[in-house]
Amino acid sequence: MFRKLLIVQLLSFVTLGESRTSFLSFLNKEKLETLFFSKTEEAVIVRSKYKDKTPNSSYVSVQLEDPKILQVVNVTKTVLDDTNFTINLVTDEDGETNLTIELWDSEGRQKRLIEQIKNVKVKVRKPRKGSLFQASMHIDRSLLMLILPVILLNKCAFGCKIDLQMFHTVWKRPLPILLGAVTQFVLMPFCGFLLTQILALPEAQAFGFVVTCTSPGGGGGYLFALLLEGDVTLAILMTCTSTLLALITMPVNSFLYSRMLGLSGVFYIPVSKILSALLFILIPVLIGIVLKHRAPEKAKYLERIIRPLSFVLMSVGIYLTFRMGLAIAQTVNLEVLLLGALVPVLGLLFGFSLAKASLLPLPLCKSVAIECGLLNSFLALAIIQLSFSQSKANSASAAPFIVAMCSGCEMLLILLVYKAKEKFAFLKDYKTTMSAI
């Protein structure tokens, strides 16, 4: 009877003003899952369909195997239902222990056991220095606030550089947009899923890579499109379009591949974050477009500072990504690092190959490749954090961080090689000219 009636939900009390709830159901006592506690205070809600024969006659008792690891503060009934109980716990040290939860009913002087669940395994793992989320919290907030105006100014400068004729061309021939969408939302998640199965990654880590692969293009794509002499207008248009499409494709792919990986749950799509990312690009770019038509001289000045601003932002972005990613890289295995380095390469190769096979001009091929290789990994991180319990979220969140770090390194390497070849070609032409004279 107990396995049909008792549901236990794990609620994590999150510090720093954030709150999130993880749900864990025990519908079959032969297939109990493990409770993962990572905070100093934890709570377990016990729900039962049992009805008291007399008011407040039922109560819950908790038996702990090792009180050094876990201690019960108190057990209280909820207001809505007198057979719902909240068990408040505190964790003293890391380790593993078991607990037994019993539902009793007191009838006069007699006590009757109603339901019981034995040997619920509890693992206590408190965050340590250098852990995933501490690494993410160590970003210098003052530095971010300092560069925010520079980011907005740079986006405005890109708006001044936009060729409106290109918008008209893409509207009539949207092939580059379609190629980018197919690569980002069909090929990349499928390849991510396939590679995680080949490398036999755990389900949570595998899902982390799949949801990262189905993310839209990152906002930094048009920076590299400018520095690598791609089409900047197309890059901005692709970023905005893919971010908008992500409102549909990310939940669909998350649901589909989670079922293929054997994961269940409700996936929360960060709609506000996606729309905010879209507006964060569109508004300053539109200001730049208006400025180009209303004040051409000021627009030309902004166009001249695009490259130095882009270089500064690229350097800061790589620094912040490294600051987060290096601490995480030390905690994951070689397979995760390998796949993190491979994901951006696959996006670049797929995007460039499809664009080249479609006979698009070289600048357009570059833009398509860059937009498919540079993914907005932090949207994937938001989905993971909102959808999973703390333990699974910790495991799955390594993927977007590693992919972001590797994509920044690889794009920087491509840029250095490209500039070196450009310099070499210039010197070669100069020597040829001088020898002819």
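Q: Which residues make the nonpolar surface patch of about 340 Å²?
A: Met 145, Leu 148, Leu 152 and Phe 280. This is a predicted model: local features need pLDDT of at least 70, side-chain atom pairs count only at pLDDT 80 or more, and totals for chains, interfaces and linings use all residues. Numbering runs from 1 along each chain as its sequence is written, and side-chain values use heavy atoms, without hydrogens or water.

Q: What are the cut-offs for a patch?
A: Over 30% relative accessible area and no salt bridge, with nonpolar side chains joined within 5 Å and like charges within 9 Å. A salt bridge is a Lys or Arg side-chain nitrogen within 4 Å of an Asp or Glu carboxyl oxygen. Areas are Shrake-Rupley, 1.4 Å probe, and for residues only the protein chains shown count as cover.

Q: Which helix gives the largest share of the patch?
A: Helix α3, residues 141–161, with three residues. Helices are DSSP runs of H or I, at least four residues; strands are E, at least two; both are numbered from the N terminus.

Q: Is Leu 148 buried, partly exposed or exposed?
A: Partly exposed, at 33% relative accessible area. Buried means under 20%, exposed over 50%, partly exposed in between.

Q: New topic. How many residues of strand β7 are buried?
A: Six of its eight, residues 84–91.

Note on methods: Buried < 20%, exposed > 50% of the residue type's maximum accessible area, 1.4 Å probe, protein only.
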